[in-house]
Amino acid sequence: MDMDGSKRIFQRLGPSQGDNGTKQPKVCFNWRAGRCNRFSCPYLHRELPQPPQAHASLTYGTASSKRSHGYSDDLGGGVRRTTNFNNSWGRKQAHGGGNNTRALTKTDKVCNYWLNGSCKYADSCRFLHSWSTGNCFWLLKNLEGHQKNVCGIALPSGSDKLYSGSTDKTVRVWDCQSGQCAGVVNLSGEVGCVLSEGPWVFVGLTNLVKAWNAQTSADLNLTGPVGQVYALVVGNDMLFAGTENGILVWKYNVATNCFEPAASLNGHTRHVVTLVVGVNRLYSGSIDSTISVWSLETLQCQQVLTGHNSVVMSVLCWDQFLLSCSLDKTVKVWVTNENGSLEVTYTHQEEHGVLAMCGMHDPEAKPVLLCSCNDNTVRVYDLPSFSERGKIFSKEAIRCIEIGPGGLFFTGDESGQVRVWKWVTETSTPP
């Protein structure tokens, strides 16, 4: 036994640089923990150099400008243009201050012992003792109560309440000041999605959409859907619902204070699971691996996009671009070409299927994209470069991400947990 620790000290200092040919190309786990006492150890006692970062080489041709939605309410000029997007998708950008892209020094896995409060290695542990990396944001609050997958989060205007819906057949109402549950609404079926538009909260259920007005307490049932309602969006004074059997449309009647059936949009061959509205257009993503583009004026299909080869999980409009993600492990960027049709201008590859996307701005008003993957992580990227800013980790896959005011955003995962996050600023203090 090494009583005086001399052997451990020698091994901790590491081998000479001339022995690379005799070592396994793998760093010794015990050396990282400061406790390797093997002589001679067959593994490296030094950190491997980081591989050089590849620069994507991608340009695309001339494209007409189409306004879109996702980062701003006005769909047109609300996103501050900080770079020339016409040749910068996938390229690393030089940002002032050099503090946007941060090196991830830990293994990208949360320590199981830390989760149980029993990790003895503290800061020397090679695994993460945190729910995030990148020093971009803080976890402010865990909102616990749901028993199953959280499918939607909404913040109606004029209310101090947060609404979350789950497949446990409940909608929970949270007090935004205390973070406490202020009420539970028990429903007859599983919640497929939640949407807020003005004071209204819409909840997609099986064969039904429920509508609540947070200001007047009005409670409406919108019938017509067949099967589960998976997605909801409002555009051009109409409410659209993505269902197992296409897209249903209601129009709000101010005189009667009711939503009246307006149309049924058919074209997808399988369930419609995601919807987004840009100026004069509705985009729908489906299990059939396609995205349909609909005119909001005529409600006619203008184009079917076939770039993905698995379920299209989320669509997002940003400036003149459409972003889509899929279980095929890609995020695709679409732009309108000279013929007026959308085509792929950049494809970002992930290691895992992508479940959800959300776009927002960081405290410096720079656009970022949050991508939830089915390895229980959320990747945070700068746009348009797709440089990674950090990651968020969860015990289960995160199915929904929602933006809040003042640098807040919310995540809901399959275990039923809702989390409140806040972007770090120079003047902010940790919770």
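**Aromatic rings and a buried aspartate**

One aromatic cluster is made up of W89, W318, F321, Y346, Y381 and F386. Rings of Phe, Tyr and Trp (its six-membered ring) pair when their centres lie within 6.5 Å; planes under 30 degrees apart are stacked, over 60 edge-to-face, the rest tilted.

A quick word on conventions. This is a predicted model, where local features need pLDDT of at least 70 and side-chain atom pairs 80 or more, while totals for chains, interfaces and linings use all residues. Numbering runs from 1 along each chain as its sequence is written, and side-chain values use heavy atoms, without hydrogens or water.

The whole structure holds 15 aromatic pairs. Take W89 and F321: edge-to-face, 5.1 Å centre to centre, 85° between the planes. W89 sits in the loop between β2 (43-44) and β3 (107-110) and F321 in strand β22, so the pair ties together parts 232 residues apart in sequence. Strands here are DSSP runs (E, at least two residues), numbered from the N terminus. W89 is buried, at 1% relative accessible area. F321 is buried too, at 1%. Buried means under 20% relative accessible area, with a 1.4 Å probe and protein chains only.

D328 lies in the loop between β22 (321-326) and β23 (330-336).

Key:
Helix = DSSP H or I, 4+ residues; strand = E, 2+ residues; numbered from the N terminus. Buried < 20%, exposed > 50% of the residue type's maximum accessible area, 1.4 Å probe, protein only.
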